[in-house]
Amino acid sequence: MEIFKSTFTGLIDSSGFMGLDIRNIIMILLSFVLFYLAIKKQYEPLLMLPIAFGMLLTNLPFTGLYHPELWNPSTNPYFAPQYVEDGANIFVNFTKETSLDYGKVLHEGGLLDMLYLGVKLQIYPPLIFLGIGSMTDFGPLIANPKSFLLGAAAQGGIFFTFVGACLLNLTGLGGGFTLKEAASIAIIGGADGPTAIYLTSKLAPQLLGSIAVAAYSYMALVPVIQPPIMHALTTEKERSVKMGQLREVSKIEKIVFPIAVTVIVSLIVPSAAPLVGVLMFGNLMKESGVCDRLVKTAQNELMNIITIFLGITVGATAVAENFLSWKTIFIIVLGLIAFCVGTACGILLGKLMYVISGHKINPLIGSAGVSAVPMAARVSQKEGAKTNPSNFLLMHAMGPNVAGVIGSAVAAGVLLSVLG
């Protein structure tokens, strides 16, 4: 009887119920909200659902799947050798440094710790870009190179929000963000989830869960957020402009384009090479026409596997102590500002091009300069068709849209080279 009692007591003490507190319960309920958004509302379900489940798993006590303390450099000190030359003798001094102990992660980590290595080592986001590149047609951008300007302008939300977050901190009104945290929040304005994850994992991994949820939420809400901005900044006459048919792009142009972009971007912003280079590699495989098997793998099996791993591990970083803070609220607000300003910058440049071109360019395509492919381009098409049912802006909007993918990666590279 005593053995039965002690066994029963041991089972109760080791159950997750004994470790539940109010913060765990709140995070579990938040994961249910994300489940609802992913399943019922279909807001970016391919990533929102894995993120929600990762959030659920990491906040269930005693599961041992993810250990945030293993990813805090301050808890993993080591002694780095420094060689000091004194005349003919060389002495070795050991100074205490802080770095991630990957050996400890491999020996003591759980399943999600192992999978998170792909995020921490910046493996998953570039592989996602490989799949995106293999599915993207850069033809509209090549046919209308001016689209590059619209894609670049839409990145204005990133730098505007970065500067704004820094100024807020100087005035004491901000969330106490460091420069690296401010840059990670600002990248939400690019509406590019993999890029946001890539930059944040390098600069502010403690904010990864909050930033990923905000980034993918705003990507899903493009059809809700953008139309009011588009109508506020354009007139009915501007929205009704019909644009001429794009020229046909040759195969040689499509093959040379990814090679040229890789060389130019990598030379100007080397930090952007992991994203832009792999994006262009995927596109080169597609356009070459000689790698069908590799293209199909990049588009399907590889993309799907990496999406699962990326989503569930990013969700696992949303532990209660990091997520439930005032910083998360500031992240959501500043991320929305970044996205709205980016949309507005693209439209305003589109208005300028409308005037310069003699009313031949519809400013609505400027809103597609954010990196939400192809949703932002579809929104431009939909809003243009509302004003003029015979209007067909989709292919024209795809130029700025794919330019935005390159632009957000370059913006991340710039921030990384300055702050990394």
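In which loop does phenylalanine 62 lie? The legends below take this residue first and then turn to other close-up views of the model, which is predicted.

**View 1. Phenylalanine 62 in the loop between H3 and strand S1.** The loop that holds phenylalanine 62 runs between helix H3 and strand S1 (77–86). Phi of phenylalanine 62 is near 65°. This is a positive value in a residue other than glycine.

**View 2. The largest pocket and its lining.** The volume of the largest pocket is about 890 Å³. Its lining consists of 32 residues, and Glu44, Met219, Met303, Val373 and Pro374 are those that lie nearest the centre of the pocket. Two or more lining residues come from each of these elements: helix H3 (45–58), helix H6 (124–135), helix H11 (193–203), helix H12 (208–220), helix H13 (222–233), helix H18 (301–316), helix H21 (375–387) and helix H22 (394–419). Sorted by class, the lining of the largest pocket has 22 nonpolar, seven polar and three charged residues.

**View 3. The cis peptide bond from valine 373 to proline 374.** Omega of this cis bond is near -10°. Proline 374 is found in the loop between helix H20 (326–356) and H21. Val373 and Pro374 are also among the residues that lie nearest the centre of the largest pocket.

**View 4. The crossing of H13 and H21.** The axes of these helices come within 10 Å, with a crossing angle of roughly 45°. H13 is therefore oblique to H21. The crossing in which H13 passes H21 is right-handed. On the H13 side, Val222, Pro223, Gln226, Pro227, Met230 and His231 take part, and they meet Met375, Ala376, Val379, Ser380 and Glu383 in H21. By class, the contact of H13 with H21 has seven nonpolar, three polar and one charged residues. Both H13 and H21 also give two or more residues to the lining of the largest pocket.

**View 5. The crossing of H6 and H16.** The axes of H6 and helix H16 (residues 273–288) come within 7 Å and cross at roughly 35°. H6 passes H16 in a crossing that is right-handed. H6 contributes Pro125, Pro126, Phe129, Leu130, Ile132, Gly133, Ser134 and Met135 to the contact. From H16 come Pro274, Leu275, Val278, Leu279, Phe281, Gly282, Asn283, Met285 and Lys286. The class counts for the contact of H6 with H16 are 12 nonpolar, four polar and one charged residues. H6 is also one of the helices that give two or more residues to the lining of the largest pocket.

Technical notes. Residues are numbered from 1 along each chain as its sequence is written. This is a predicted model: local features need pLDDT of at least 70, side-chain atom pairs count only at pLDDT 80 or more; totals for chains, interfaces and linings use all residues. Side-chain values use heavy atoms; hydrogens and water are left out. On a 1 Å grid over the protein atoms alone, a cavity is a set of points where a 1.4 Å probe fits but cannot get out, and a pocket is an open set with protein on both sides within 12 Å along at least five of seven lines; lining residues have an atom within 4 Å of a point. Grid points are joined across faces, edges and corners, and a volume is the space filled by probe spheres set on the points. Helices (H or I, at least four residues) and strands (E, at least two) are DSSP runs, numbered from the N terminus. Ala, Val, Leu, Ile, Met, Phe, Trp, Tyr, Cys and Pro count as nonpolar, Asp, Glu, Lys and Arg as charged, and the others, Gly among them, as polar. Axes are lines fitted to C-alpha atoms, for helices over the stretch in contact, and angles run from 0 to 180 degrees between N-to-C directions. Angles under 35 degrees count as roughly parallel, over 145 as roughly antiparallel, 65 to 115 as roughly perpendicular and the rest as oblique. A crossing is left-handed if the near helix is turned anticlockwise from the far one by less than a right angle, and right-handed if clockwise. Contact means heavy atoms within 4.5 Å.
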